[in-house]
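Dear colleague,

Please find the structure below, together with its sequence. My findings follow directly after it, arranged by topic.

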Amino acid sequence: MSWKQTLFISIGILAIAGAVTVLIFSTEPTAEQSGATKATPMLVDVTGVERDDYRPTIQAMGTVRPSKEVNLSPRVSGEVEALSDAFTPGGYIEKGEQLLQIDSSDYRNTLEQRKSELRQARADLNIEMGRQDVARQDYQLFADTLSEENKSLVLREPQLESARSSLESAQAAVDQAQLDLERTTIEAPFDAHILTRNVNVGSQVTTGETLARLVGLDTYWVEATVPVSKLRWITLPEGDKQRGSEVRVRNRTAWPPDTYRQGYLFRLIGTLEDQTRMARVLVSVPDPQAYKTDDPDVPRLMLGSFVEVHIKADALEDVVRLNRDYVRDDDTVWVMNDGELDIKDVEIVFRDAQYAYIKSGLSEGDQVVTTNLSTVSDGAPLRLEGTNTAEPDTSQASQ
């Protein structure tokens with residue numbers, strides 16, 4: 001067989017195969033599907049809301065500081081000859097309690113010397129008073145011939161004034177010596193906690209030298225910062241006898257859980273904090289060292305510690321309190337309404353660490369969606385756990 005015959009036979013076979021293939025595909029039955037799949041509602045959880053009056057909490061951070069502090073100094077010089085057992089760092093002392101004694105020998109001697117000078121001045125005055133009687137007799141003899149200037153000299157009025165001045169000066173010297181002697185005993189100026197002590201028995205101290213650092217036991221302050229926008233929701237005292245908003249102070253790193261100290265808003269400091277530009281307030285905490293209580297579970301405030309401050313704000317009337325996680329972008333809230341998603345704009349009047357307080361935009365009984373949704377649009381179908389949903393409506397494919 002020639003190559004030409006072989007070529008024609010091959011072309012023929014390929015042509016027949018192509019024709020058969022076209023015939024098969026052209027006569028294959030097609031599947032048809034009638035109907036459309038219905039959209040499946042998204043499964044969500046909801047929570048109901050109600051309107052009520054609430055007192056939110058303003059949370060801030062603050063530093064514990066003493067409300068009363070003094071560097072104890074002597075007003076006389078000398079050698080320390082005795083110290084009180086309570087006069088130690090960390091000790092507690094009461095007002096008027098003796099802390100240390102400075103050697104008083106020199107001051108006692110000075111007092112006796114001044115008393116002697118006072119007695120001499122009193123004697124000089126008595127002698128001068130006796131001379132006054134003689135001077136009056138002389139005056140009666142020359143009364144008609146003496147001028148006013150000579151009259152004063154005859155009656156020894158300058159000598160009398162000098163004697164009286166000497167007596168007053170001597171009395172003042174005695175009083176000063178007595179005061180210096182009393183100042184050799186150093187007493188506590190108020191109920192205090194001793195932070196540092198800089199002297200011991202035998203120390204030589206001078207006037208103005210720091211003996212110890214004391215802080216008052218009555219109250220400590222917590223200096224905290226709060227947003228300026230929150231100031232209108234807190235109460236500041238108008239007088240020393242009035243108390244401001246209630247405050248709870250917590251130290252989570254040092255105290256057991258749910259442990260706190262009760263305090264009160266005391267003052268608004270008139271400057272903003274440099275870094276954050278927030279308002280600075282003082283919180284007063286009474287008996288910070290738990291010195292006046294017998295309860296061993298009451299925690300003590302440590303000066304310089306960083307603590308949480310929870311300020312109870314003024315009451316918000318007729319508002320909805322909603323977890324902040326359920327407030328969406330641009331202050332919107334997702335609500336389930338007749339099985340559909342309703343995106344509502346709300347007016348938030350206050351936010352604290354956990355809740356948003358909504359004045360308008362939500363109604364009593366609204367079902368707020370708490371589930372995070374990937375696709376959000378008004379009218380999107382929703383369903384709750386346990387509710388029946390329509391199954392996709394499909395027809396069988398026909399051959």
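A polar atom in the side chain of Ser305 lies 2.6 Å from the backbone oxygen of Met302. Please note that this is a predicted model. Ser305 sits in the loop between β16 (279-286) and β17 (306-312). Its relative accessible area is 14%, so Ser305 counts as buried, the limit being under 20%. Apart from neighbours within four places in sequence, Ser305 is in contact with Gly62, Thr63, Val64 and Asn251.

Salt bridges

By the rule applied here, the model has eleven salt bridges. Several of them are described below.

Within helix α2 (residues 105-142), Glu117 and Arg114 are three residues apart, about one turn of the helix. Their side chains meet in a salt bridge, with 3.5 Å from N to O. Glu117 is partly exposed, because its relative accessibility is 36%. Arg114 is also partly exposed, with a relative accessible area of 24%.

A further salt bridge joins Asp218 to Lys292, and their closest N and O atoms are 3.3 Å apart. Asp218 belongs to the loop between β12 (212-216) and β13 (219-226), whereas Lys292 belongs to the loop between β16 and β17; the pair therefore ties together parts that are 74 residues apart in sequence. Lys292 is exposed, with a relative accessible area of 54%, while Asp218 is partly exposed at 37%.

Arg351 and Asp331 form another salt bridge, in which the closest N and O atoms are 2.6 Å apart. Because Arg351 lies in strand β21 and Asp331 in the loop between β18 (316-323) and β19, this pair ties together parts that are 20 residues apart in sequence. Both residues are partly exposed: the relative accessible area is 30% for Arg351 and 28% for Asp331.

Finally, a network of salt bridges links Arg65, Glu223 and Arg280.

Strand β21 and Val349

Strand β21 spans residues 347-351, and Val349 has its place there. Val349 counts as partly exposed, because its relative accessibility is 24%. Leaving aside neighbours within four places in sequence, the residues in contact with Val349 are Arg232, Trp233, Val319, Tyr357 and Lys359. Between Val349 and Ser360 there are 9.1 Å from C-alpha to C-alpha, and these two residues are eleven residues apart in sequence.

Strands of a sheet pair through backbone hydrogen bonds, in either a parallel or an antiparallel manner. In this model, four strands make up an open sheet in the order β2-β23-β19-β20, and the pairing is antiparallel. At its edges are β2 (46-48) and β20 (340-345), each of which pairs on one side only. On average, neighbouring strands of this sheet are turned by 40° against each other, with direction ignored.

Which strand pairs with β19 over six bridges? The partner is β20, and the two strands pair in the antiparallel sense. Strand β19 covers residues 332-337. Asn337 has Glu340 in β20 as its bridge partner.

Yours sincerely

Terms used
Residues are numbered from 1 along each chain as its sequence is written. This is a predicted model: local features need pLDDT of at least 70, side-chain atom pairs count only at pLDDT 80 or more; totals for chains, interfaces and linings use all residues. Side-chain values use heavy atoms; hydrogens and water are left out. Buried means under 20% relative accessible area, exposed over 50%, partly exposed in between (1.4 Å probe, protein chains only). Contact means heavy atoms within 4.5 Å. A polar contact is a pair of N or O atoms within 3.5 Å; within protein, one must be able to donate a hydrogen and the other to accept it, and residues adjacent in sequence count only if both atoms are side-chain atoms. Two strands pair if DSSP finds at least two bridges between them. Axes are lines fitted to C-alpha atoms, for helices over the stretch in contact, and angles run from 0 to 180 degrees between N-to-C directions. A salt bridge is a side-chain nitrogen of Lys or Arg within 4 Å of a carboxyl oxygen of Asp or Glu.
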